[in-house]
Amino acid sequence: SSSVEHSEKCEYAKKRKLVHDLDVAREIQRGILPQGAPASEGFDIAGWNRPADQTGGDAYDFIALDDGRLAIIAGDATGHGIGPALVAVECRAAIRALAQSRPDLTHILATTNSLLSRDLSSGNRFVTLCMAILEIPTATLTVASAGHGPLLFYRAATDTFQELEISGPPLGLFDGMA
C-alpha cells in the first residue's frame, strides 16, 4: 500500500510540474503579443489571440519599421500546445530581427523560411503566415501570404471585400523557396 501511495504522489507531482510549466509557457506567449495596437492616423488597427489550449501556435504582431512604415504579421504554426508555441516564437523573433535590418517582404519571408526549414526538418511542422507592410502616408498596403488564408481585404470607401491570393507555400516546408 505504501508503494501505491508513493507512486500516486509521484504522478501528482509530475502533473503539477507539467501544469506549472504550461502556465509559464502561456505567460511567456502572452507577454510577446502586442500590449496594444499602434496608433496610426487614418487607420483602425487591432489584434486578438485566444489559443485553443494553454499555449498554441497562433500569433500576431505589429512591428514599427525605422522608415515609418508598419509591418503586420499573423501566423499559425501547425498543431496545438507547447511545440507549436515554440515554433511561433522562433518565427516571430526571426521576422522582427530581419524587419529591422532589411524591411523587404520577399527577403524577410524567404530568410525566415530558410531558417525554419532547417529547424523543422521532420517535415510535419510548418507555419502559415501573412505579412503586410503599411505605408501610412500613402495608405499603401503590400501583402504576402505564405500559405495563410483566406485573406479578406475590406475597403471602407466601397463597403466591399476582396479575397487576396496566397503568394507562396507555408514557411518551413522547403528550404530555398521564395
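**Entry 1. Largest pocket**

I looked up the largest pocket and found a volume of about 940 Å³. I took a pocket as an open set of points on a 1 Å grid over the protein atoms alone, with protein on both sides within 12 Å along at least five of seven lines. Grid points are joined across faces, edges and corners, and a volume is the space filled by probe spheres set on the points.

This is a predicted model, in which local features need pLDDT of at least 70 and side-chain atom pairs count only at pLDDT 80 or more, while totals for chains, interfaces and linings use all residues. Residues are numbered from 1 along each chain as its sequence is written, and side-chain values use heavy atoms, with hydrogens and water left out.

I then listed the lining, where a residue counts if it has an atom within 4 Å of a point. The largest pocket is lined by 26 residues, and Ile72, Ala132, Leu141, Leu152 and Phe153 lie nearest its centre. Strand 1, strand 2, strand 3, strand 4 and strand 5 (151–155) each give two or more residues to this lining. The largest share, five residues, comes from strand 5. By class, I recorded 22 nonpolar, two polar and two charged residues in the lining of the largest pocket. Here Ala, Val, Leu, Ile, Met, Phe, Trp, Tyr, Cys and Pro count as nonpolar, Asp, Glu, Lys and Arg as charged, and the others, Gly among them, as polar.

**Entry 2. Second largest pocket**

The second largest pocket has a volume of about 190 Å³. I found 15 residues in its lining, of which Leu109, Ala144, Ser167, Gly168 and Ala178 are the closest to its centre. Helix 3 and strand 4 each supply at least two residues of this lining, and helix 3 gives the largest share, five residues. The lining of the second largest pocket divides into ten nonpolar, five polar and no charged residues.

**Entry 3. Cavity**

How many cavities of 30 Å³ or more are there? I counted one, a cavity being a set of grid points where a 1.4 Å probe fits but cannot get out. The largest cavity has a volume of about 80 Å³. Of the 14 residues that line the largest cavity, Ala59, Gly75, Ala88, Cys91 and Leu129 are the closest to its centre. Strand 1 (56–64), strand 2 (70–80), helix 2 and strand 3 (127–135) each supply at least two residues of its lining, with the largest share, five residues, from strand 2. I noted nine nonpolar, two polar and three charged residues in the lining of the largest cavity.

**Entry 4. Overall layout**

I assigned helices (H or I, at least four residues) and strands (E, at least two) as DSSP runs, numbered from the N terminus. The protein comes to three helices and six strands, in the pattern α-β-β-α-α-β-β-β-β along the sequence. Of its 178 residues, 34% count as buried; buried means under 20% relative accessible area, exposed over 50%, and partly exposed in between (1.4 Å probe, protein chains only). Residues 24 or more positions apart account for 57% of the contacts with a separation of 6 or more, a contact meaning heavy atoms within 4.5 Å.

**Entry 5. Nonpolar cores**

I searched for nonpolar cores, sets of buried Ala, Val, Leu, Ile, Met, Phe, Trp, Tyr and Cys residues joined through side-chain atoms within 4.5 Å. The largest has 22 residues, of which Cys91, Ile95, Val127, Leu129, Met131 and Leu171 touch the most other members. Strand 2, helix 2, helix 3 (105–119), strand 3 and strand 4 (140–146) give two or more residues to this core; the largest share, five residues, comes from helix 2. Apart from it lies another core, of six residues, including Leu33, Tyr60, Phe62 and Leu70.

**Entry 6. Ile95 and helix 3**

I checked what Ile95 touches, not counting residues up to four places away in sequence, and found Ile63, Ile73, Ile108, Thr112, Leu129 and Met131. Ile108 and Thr112 are also among the buried residues of helix 3. Those buried residues pack against helix 2, strand 3 and strand 4.

**Entry 7. Trp48**

Is Trp48 buried or exposed? Trp48 is exposed, with a relative accessible area of 67%. I located Trp48 in the loop between helix 1 (2–32) and strand 1. Trp48 and Gly36 are twelve residues apart in sequence and 9.7 Å apart in space, C-alpha to C-alpha.
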